[in-house]
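This report describes one protein chain. Please look at the sequence and the structure below before reading on.

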Amino acid sequence: MNDIAAQPRRLENLHTDKGKVPVYATGVVEQPWDSYTATDHDVWRRLYARQCELLVGRASEAFLRAQDAMGMTLDAIPRFSDINEVLSAATGWTLIGVEGLLPELDFFDHLANRRFPVTWWIRKPEQFDYIEEPDLFHDLFGHVPLLMNPVFADYMEAYGKGGVKAHGIGADALQHLTRLYWYTVEFGLIREHGQLRIYGSGIVSSSGESIHCLESAAPNRIGFDLERIMRTRYRIDTYQKTYFVIDSFEQLMDATRPDFTPVYARLATQPSLPAGTVLASDHVFQRGSGEGWASDGDV
Ligand SMILES: [Fe+2]
């Protein structure tokens, strides 16, 4: 095994309303599996073991079942080629290796064609508990298992197609659509057998938020509502103030099937909502206490 880890090729930082976002080379890269160090594999092993223990009884059954079916283990960082054999047979999705976050249109285009970009590098031991940007653990452990679920797999493709369309409509449409991704794919909860469970990848790949999202009194837990979500702002550097709860992946897919063009037109006349807002029209599972909410930043 090589002792010198290959380095991601960061191209530039983009200044956006979410802060500084790193953008990487857009090409698909071969996973440089032989370049992972013993430390890289150890980080994977420790993260994997910790999350697997935490997620029993917290993650959705669909996630846990899919994770088993994929054959990921804690022994070593999985090879994308091994995962792809199982994944493509299940739902026609494939993983592609990338350097990191992609420009939006590239990202949408991959999703629209059932390709999921996975960052090939893994965080350093000193970033064990928190890393600002997606790494291999977040992308592979967090996002990929649910691509084994046929309905969720269709939702992700529909989202990609919607993204390509929104990109052509304009910045506001894109912002509305991005909020949908944030509050579902990244930070969504689902009701199973009357109990809340996690399916969002930002949560399943975070030890702190896996507990916080279900057990803390602070956040709101509100029923899924497409346009309501599209109006809700968020921030990327704290736990969420509000989690949105779906009843099933079918609900997500059904809400996403129609063309969003009239939705964007309606939303253009409505103000966006702070992340912690509860509306009279919300289906509230739990109103958050708001304890410990950061008040800085635009949320
Ligand atoms: Fe993500």
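## Helix α6 and its surroundings

Helix α6 covers residues 150-169, a run of 20 residues. From its first C-alpha to its last it reaches 29 Å, close to the 28 Å expected at 1.5 Å a residue. The model is a predicted one. Just after α6, G170 takes a positive phi of about 150°.

Which residues of α6 are buried? They are F152, A153, Y155, M156, E157, Y159, G160, G162, G163 and A166.

The axes of α6 and α7 come within 8 Å and cross at roughly 155°. An angle over 145 degrees counts as roughly antiparallel, and α6 and α7 are therefore roughly antiparallel to each other. The crossing of α6 past α7 is left-handed. On the α6 side, the residues that meet α7 are Y159, G162, G163, A166, H167 and I169. On the α7 side, they meet A173, L174, L177 and Y181. Among the α6 residues in this set, Y159, G162, G163 and A166 are also buried.

## An open sheet

Elsewhere in the description there is a sheet. Five strands form it, in the order β6-β5-β8-β7-β9. The sheet is open, and its pairing is mixed. Strands β6 (195-198) and β9 (284-286) stand at the edges; each has a single partner strand, so one side of each is left without a neighbour in the sheet. From one strand to the next, the twist averages 35°.

How many bridges join β7 to β8? Four bridges join them, and the two strands run parallel. Strand β7 spans residues 220-223, and strand β8 spans residues 242-246. As an example of the pairing, G223 has V245 in β8 as its bridge partner.

## The chain as a whole

The chain has 12 helices and nine strands. It holds 299 residues, and buried residues make up 39% of them.

Methods: Residues numbered from 1 in each chain as written. Predicted model: local features only at pLDDT ≥ 70, side-chain atom pairs only at ≥ 80, totals over all residues. Expected span 1.5 Å × (residues − 1). Buried ≥ 20, exposed ≤ 12 C-beta atoms within 10 Å, placed from the backbone. Pairing = 2+ DSSP bridges. Axes fitted to C-alpha atoms, helices over the stretch in contact; angles between N-to-C directions. Parallel < 35°, antiparallel > 145°, perpendicular 65-115°, else oblique. Left-handed = near helix turned anticlockwise from the far one by under 90°. Contact = placed C-beta atoms within 7 Å.
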